Amino acid sequence: VGLGLAAVVQLRWDMEKAMSLTTGFSGDTASMLKVCIHCGTSFRAEASSGERFCCHGCEAVHQLLTTAGLDDYYRLREISPPVCALPAKVSSESFAFCDDPEVIRRYSNNDREMDFFVEGLNCSACIWLLERLPLLCGDVESVEVNFAKSTVRVKRVSGGSFARAAQALNRIGYTPHLVDESGTQELLRKRERRRELIRIGVAAACTGNIMIFSVSLYGGADSFIGQWFAWLTAVLAAPVLTYGAWPFYRSAYQALRARTLNLDVPIVAALIAGVVMSAWSLLARTEGAVYFDSLSMLVFLLLSSRAWLKNLQQTHLDASRLEDSLLLGTVERLSPDGRTREKISRLSLQVDDFVAIDSDTLIPADGIIAHGHGLVQMSALTGESAPVDVREGDVVFAGTQNVEGEWVLHVKKKVSDSRLARLLRDAETSSREKPALIRFADQVGRWFVGVVLLLALFIVARFALTDPSEGFSRALALVIVTCPCVFGMAIPLSLSLAVKAAARRGLLIKNGDVIERLAAIRRVYFDKTGTVTEAALSCVGFQICTGDLSEFGVLRALEKDQDHPVAIALLRAIESLDLPEMKVSNVRVEDGRLLGECRGHEYSVRAHGLSEAETLRMSYGFYREDEMLARFDLGDRVREDATDALRALRARGLETVLLSGDRRSVVEAVGQKLGFARISGDIVAEATPEDKRELLRADGARAAMIGDGANDASALAAASVGIAVRGSMEASLRAADVYLLKNDLRALDDLFSITHATRRAIVRNLLISVSFNVCAGALALTGHMHPLWAAVLMPLSSLTVLISSLITGRKLETGK
Amino acid sequence: MNIVYVLAPLALLLGLGFAISYIVATHRGQFDDLETPAHRMLIDDEFDTPKTPAKAKIPAKKGPHL
């Protein structure tokens, strides 16, 4: 290749242009959309390349399943919709900590069983696959899936390893997280649920049998049998009205003792009034009605609808049950003489321990580098995507990632005292303070109850002298028929259904309150790195100075086994080129340069300094001896889905702001590409995590933050609604209220449409309920409603409201 | 009409029997997980035979955990 060529080939390409040009080079057809056979995600690849997977993760999982004879999974998935379509996420964690005696003591059940929360459990095919884990891993005896909770209980064979079981789960694409399911709290919860079920069962059995006798009473049984049957209904109602209704008595008592009213107070008042009236007419053998049947029915209906609602709410992810991601993990501790290494859990790490940090590992604790040097990605704390050089004596923080180099960390603080742990804790406390629609509903419910009780007293007093039994009957009808269930049940139900519908579309919402808070959002803050741009460094342009395509084969061979982010970006930039296989010998890294020999020349890759366009992070040159063959500009690539998402949100009239800790020039360049206006303060750069938090706090209920779950934990928590797009789920949900499973920002628009539909449903239910209560209450007061009719109408009104919520929920789930 | 004196207690006994068996089932954890079995029964038996006989150790289909 002559030197003359150098002057000729001076092209500057945008990445997209480079792609289309280079495909022209190799005489290939254009790229096309394909569907990954493992996860069903569509991806772009060349038509002739025979590529069948969207990523290496999916390919590895597919291969594993096919060789183990578990490829029925794919057939099963076809026939049992809904299909779960998520690219396989395989974590690099070794899970060795699962075998740490301390961890086994704390998390296992009789030493044999351990519970894991798994990400990606979405359909029946997943259950089938997970329960066949013993085929893939000899350490596992059996697996039991709990679909609603997304947990698996792994039973190991005697002497088997929990770590290998967790690895197997991870290998097939379900990232496992330890959960404390065998702990006392979970045990209590289980017992509580069983007690509830038994209470409902007893109430149902008694109520059903009461009906046999009361039907004949209404049918006009003769006086002797009638008397007997009336007594039988009383006997059967006794367990319902004592044992079954116990939660109502307790809750009403607690409310009265605290000098407030709750929804259970009028229920208890109605129960007591009904029992007194029925008992009186039974004992005095008057012709008055006996209400034991309707009272038991009331108790049964209330118990079961409450249990159903509670169940619906509890099946959603409870982030507090996921254990601290910081505490669980494996580190290699060095013995004091530095000779031997032992693997221990981060849980057991002490101050002044020495830990060996290899390349591509997470730094477990705050400390000082004892010796060695490396390249650390600080993005977890600063948001800066370019790695920083660190050497002996430098302070490093837990949660940051060592991308290159091997060194020894001198631990200065326990894992739970690190800067990141403090930020996470702070996030947790602020996520607990909730402005709630439910609190408002409770308050309105209390007023409602107060008014109803006053009216009942008034009507009893009015008839006290003329016709006490008429007054009593009207008051009873009033108390039974007016039901504040829209406040107590319909609103929480609407909110939980919205949460469920969102989960179907890949949006994990922490709880129903978030839906209400989302409705008040006017301004949306976007984080930059990993949110609107690709998380990893990518090549945004390259320039060929001299040389032919075959020399890029040398470049590929050089970079092939490097795991440096720059190498990954360069490889991705040239992966679509049709390059010859080259053999490179003596590959080594010297003073930040990557060197190798081929055909008698020495080739190298090294930093070229900052490129002239200041917006780019850095520039790397590919050299033969001292002659530059090509130059690569590395920087942030804007994500395609970010553009669409921003357009959709702006169309809804929301303000959008770009918020980043990165350098001003970089942030502004990205912001301009995405249509953020610099002048109106839509771009905020060089913000520390603390700055971001203050900014969001100042905006109060109006602001939502969209960012990386780990990097922006404190900002996500400070925002009225925090939405995490990347990062591990457990860390994200600690701080954020919403987690995007699919890492596709377009889902944000769905989030807002679900919010608005739910709000409309709630308003509709309030209208239905208020008009019903006013009409029925008026009828009862004027004596046009018999208490028995009231007992029939009350559940009917509740049902109307519940069905109305269910219809909206169904609509949301199926996507209208 | 006298048959009522036999039938009424019989109905009550029957109800009592069901109530007791329900309580026992709840204590045994039959109702701890209501969702997973509903999905499991959708999977046809043909999927239960593994193709590789290698170390075919299929987890026994057992009831919920105690």
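Predicted model: local features only at pLDDT ≥ 70, side-chain atom pairs only at ≥ 80, totals over all residues.
**Stop 1: two helices**

Select residues 223-244 of chain A, which form helix H9, and residues 264-283 of chain A, which form helix H11. Two packed helices are described by the angle between their axes and the distance between the axes. For H9(A) and H11(A), the axes come within 11 Å and cross at roughly 155°. Angles over 145 degrees count as roughly antiparallel, so H9(A) and H11(A) are roughly antiparallel to each other. Their crossing is left-handed.

Now show the side chains at the contact. From H9(A), pick Gln227(A), Ala230(A), Trp231(A), Ala234(A) and Leu241(A). From H11(A), pick Leu271(A), Val275(A), Leu282(A) and Leu283(A). Of these contact residues, eight are nonpolar, one is polar and none is charged.

**Stop 2: strand E8**

Next select residues 330-334 of chain A, strand E8. Five of its five residues are buried, so E8(A) is largely enclosed by the rest of the structure. Colour one side, Thr330(A), Glu332(A) and Leu334(A), and then the other, Val331(A) and Arg333(A): both faces are covered.

**Stop 3: the partners of E8**

Find Thr330(A), with Ser345(A) of E9(A) opposite. Six residues lie between the strands of this hairpin, where Gly338(A) takes a positive phi near 75°.

Methods:
Residues numbered from 1 in each chain as written. Chains lettered and ligands numbered in written order. Heavy atoms only, no water. Axes fitted to C-alpha atoms, helices over the stretch in contact; angles between N-to-C directions. Helix = DSSP H or I, 4+ residues; strand = E, 2+ residues; numbered from the N terminus. Parallel < 35°, antiparallel > 145°, perpendicular 65-115°, else oblique. Left-handed = near helix turned anticlockwise from the far one by under 90°. Contact = heavy atoms within 4.5 Å. Nonpolar A, V, L, I, M, F, W, Y, C, P; charged D, E, K, R; others polar. Buried < 20%, exposed > 50% of the residue type's maximum accessible area, 1.4 Å probe, protein only. Pairing = 2+ DSSP bridges.
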